[in-house]
Amino acid sequence: MAEINKKSLKHLADLARLELNEKEEEKFLADLDKILAYFQELQDLDTQNVQPMTGGTELKNIFREDGGTQSSLSPDLVVEAFPDKEKHWLKTPPVFE
Amino acid sequence: MNKAVSYLMHLHDLTIKKFHDGLTNKEFTALEVAEDYFKYIDERDKEIGAYLSLMKDEALKQAEHADLTVAQGKNVGLLAGVPLAIKDNILITGQPATAASKILENYKASYDATVITNLKQAGAVFLGKTNMDEFAMGSSTENSAFQKTKNPHDLERVPGGSSGGSAAAVASHMALAALGSDTGGSIRQPASFCGVVGLKPTYGAVSRHGLIAMASSLDQIGPLTKTVEDAAIIFQALAGRDRFDSTTAETQYGDELRNPKLEDIKNMTIGLPDEYFVSGVEPAVIKEVESAINALKSLGIKFKQIKLPHTRYALACYYIIMPAEVSSNLARFDGIRYGGATGVNRRSVGLLELYKKNRSRGFGAETKRRIILGTFVLSSGYYDAYYAQAQKVRRLIKNDFDQVFKDVDVILTPVAPTPAFKFGEKTSDPLSMYLSDIFTIPANMAGLPAISIPTNSPIQKLATSKTSLPVGFQLIGKPLHEADILGIGQYYEKIANSV
């Protein structure tokens with residue numbers, strides 16, 4: 001089965017928007033090795049005619065009236081939770097450089 | 001008797017029911033009790049470390065409000081004035097909600113979780129927010145970015161996790177009850193380690209709106225309490241359809257939750273799965289669980305050996321599905337929307353760099369490990385072998401339960417293979433830590449209600465049982481049949497208390 005090497009770990013970290021230092025890389029590679037080996041036993045199970053269970057509930061198609069719902073959110077508090085702001089505007093670093 | 005001793009004894013003795021009777025009979029006010037709790041927290045939490053933040057001003061106001069309602073002669077509900085501790089991944093407007101992560105260190109919640117709205121309507125008092133494993137990932141609360149929480153029964157041992165702060169707060173009488181969340185055992189395992197009751201409801205019974213999501217198809221909020229009756233009281237207040245969480249079910253829970261009929265209980269059959277009584281379980285745990293079985297037999301309940309053959313795959317299956325959901329749920333923490341980790345200069349870097357810096361500094365090791373693992377099992381080329389296969393195995397695990405529930409009403413198992421372990425014992429090897437959830441994970445995979453009940457658990461003993469570590473047994477019920485496990489639990493407590 002698959003294994004994760006230094007290069008693919010770097011790629012995964014990139015996808016997940018993480019930077020790992022040398023020590024973390026080493027530790028994670030060893031840990032993931034063990035964990036993936038543990039997953040091996042799942043491969044032995046015959047699941048050919050099994051429907052995947054894709055969520056925690058069998059509920060389907062929950063509808064509501066198409067209209068505004070009263071939100072429990074207070075706009076002021078949402079802006080307040082943002083680290084950088086000006087009046088009611090949210091400030092982020094530049095997207096284009 | 002000096003005041004310090006008297007308030008302590010009084011906090012030790014309180015249950016929600018006793019509190020309610022005392023409040024309505026005017027033996028004390030909610031304000032007095034809330035003040036006593038804060039006094040005691042002040043003294044005791046230095047040692048335990050259960051709370052991350054306290055809400056004293058708000059709590060005293062909430063308590064005064066409950067007193068006013070009583071004084072006006074109005075009917076008050078069972079939770080009016082009841083002082084609760086809330087796990088720090090559940091939002092209360094204006095309060096911190098760190099999920100014990102540095103990335104949310106500076107965040108304050110902008111809205112109330114639905115469970116908080118429900119409890120506010122019931123008049124409950126919130127004492128503060130409790131410590132946990134970062135983003136609820138862990139089984140010992142050692143993954144908190146901020147502090148250790150100690151097991152009140154033995155300060156060298158962990159309280160379990162991830163709801164370790166909530167369990168320790170209730171066990172050490174720093175809250176009358178608490179809320180936790182359970183994705184793979186995070187309510188039941190700490191309840192077992194700390195000697196309190198912990199209920200994970202059926203998936204969809206309680207709204208997850210306002211719970212910081214870890215694995216959305218598995219997470220449920222539930223109570224940690226001193227008695228099973230208390231768990232029933234809180235569960236009833238939490239349960240119900242919520243328009244902010246489309247996975248909530250239309251449910252009708254009634255009087256049977258708190259007042260189970262002995263006739264109904266006696267006629268139940270409990271299944272004992274072979275796969276849960278295996279050699280890896282400590283003999284002390286087996287002995288305690290057997291004592292609970294014998295107590296229940298004395299009520300006339302029938303027992304039956306059953307088989308849940310896919311149990312052995314549950315842990316591997318869980319450690320694929322859960323990290324997959326974690327990696328996607330935690331993508332929202334970009335260091336921008338909810339504030340960032342302290343020490344990252346927002347102006348000096350571009351957007352992508354800012355994401356990476358915040359996430360790398362803001363997340364702890366276990367969180368990063370699970371994000372990477374989740375990213376891997378979802379990635380192109382590996383999706384079918386891991387994630388899709390795990391979802392199919394999850395179906396097989398659920399089918400096992402559906403099958404045995406044709407023959408039995410409830411399943412009884414140990415909660416964890418061991419009592420509370422020592423600090424540092426499992427931190428270096430993630431797999432050994434993961435194994436402590438082996439008996440709790442299947443109920444999450446199948447979405448079933450499950451409760452951890454301390455064996456031999458007169459609540460008076462909780463205060464004094466210095467000699468042995470608490471152990472819990474687990475009851476797993478049919479979907480939306482919380483009444484069955486709460487009912488058996490309440491009769492078990494009656495027997496255990498009378499010994």
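Modeller: Of the 499 residues of chain B, 61% count as buried. Keep in mind that this is a predicted model.

Biologist: What makes a residue such as Arg359(B) count as buried?

Modeller: The cut-off is 20 or more other C-beta atoms within 10 Å. Arg359(B) has 26 C-beta neighbours inside 10 Å, so Arg359(B) counts as buried.

Biologist: Where does Arg359(B) sit, and which residues is Arg359(B) in contact with?

Modeller: Arg359(B) lies in helix H12 of chain B, residues 351–362. Setting aside neighbours within four places in sequence, its contacts are Arg17(A), Leu18(A), Ile103(B), Phe333(B) and Gly335(B). Ala331(B) is 28 residues away from Arg359(B) in sequence, with 9.3 Å between their C-alpha atoms.

Biologist: How does chain A come out against a compact globule?

Modeller: A compact globule of 97 residues would have a radius of gyration near 13 Å, but chain A has 23 Å. Its C-alpha trace spans about 55 × 45 × 25 Å along the principal axes. Of its 97 residues, 13% count as buried. Chain A has 3 helices and 2 strands, in the order α-α-α-β-β from the N terminus.

Biologist: Why are the buried residues of H2(A) said to line one face of the helix?

Modeller: The buried residues in H2(A) are Phe28(A), Ile35(A), Leu36(A) and Phe39(A). Seen down the helix axis, the buried residues of H2(A) fall within an arc of 115 degrees, so they line one face. On the other side of H2(A), Lys23(A), Ala30(A), Lys34(A), Ala37(A) and Gln40(A) are exposed.

Biologist: What do the buried residues of H2(A) pack against?

Modeller: They pack against H1 of chain A, together with H11, H13, H14 and H15 of chain B.

Biologist: How many residues does each chain put into the contact between them?

Modeller: Chain A gives 46 residues and chain B gives 57. On the side of chain A that touches chain B, helices H1, H2 and H3 of chain A each give two or more residues, and H2(A) has the largest share, with 9 residues. The residues on that side of chain A divide into 27 nonpolar, 10 polar and 9 charged.

Biologist: Which residues have the most contacts inside the largest nonpolar core?

Modeller: That core has 170 residues, and those with the most contacts inside it are Leu84(B), Val125(B), Ala175(B), Cys317(B) and Ile320(B). Helix H11 of chain B, residues 314–329, supplies the largest share of this core, 11 residues. Beyond four places in sequence, Cys317(B) touches residues including Leu42(A), Ala390(B) and Met445(B). In soluble globular proteins, nonpolar side chains tend to be buried together.

Conventions: Residues numbered from 1 in each chain as written. Chains lettered and ligands numbered in written order. Predicted model: local features only at pLDDT ≥ 70, side-chain atom pairs only at ≥ 80, totals over all residues. Helix = DSSP H or I, 4+ residues; strand = E, 2+ residues; numbered from the N terminus. Buried ≥ 20, exposed ≤ 12 C-beta atoms within 10 Å, placed from the backbone. Contact = placed C-beta atoms within 7 Å. Nonpolar A, V, L, I, M, F, W, Y, C, P; charged D, E, K, R; others polar. Core = buried A, V, L, I, M, F, W, Y, C linked by C-beta atoms within 7 Å. Rg over C-alpha atoms; globule rule 2.2 N^0.38 Å. Arc of directions from axis to C-beta.
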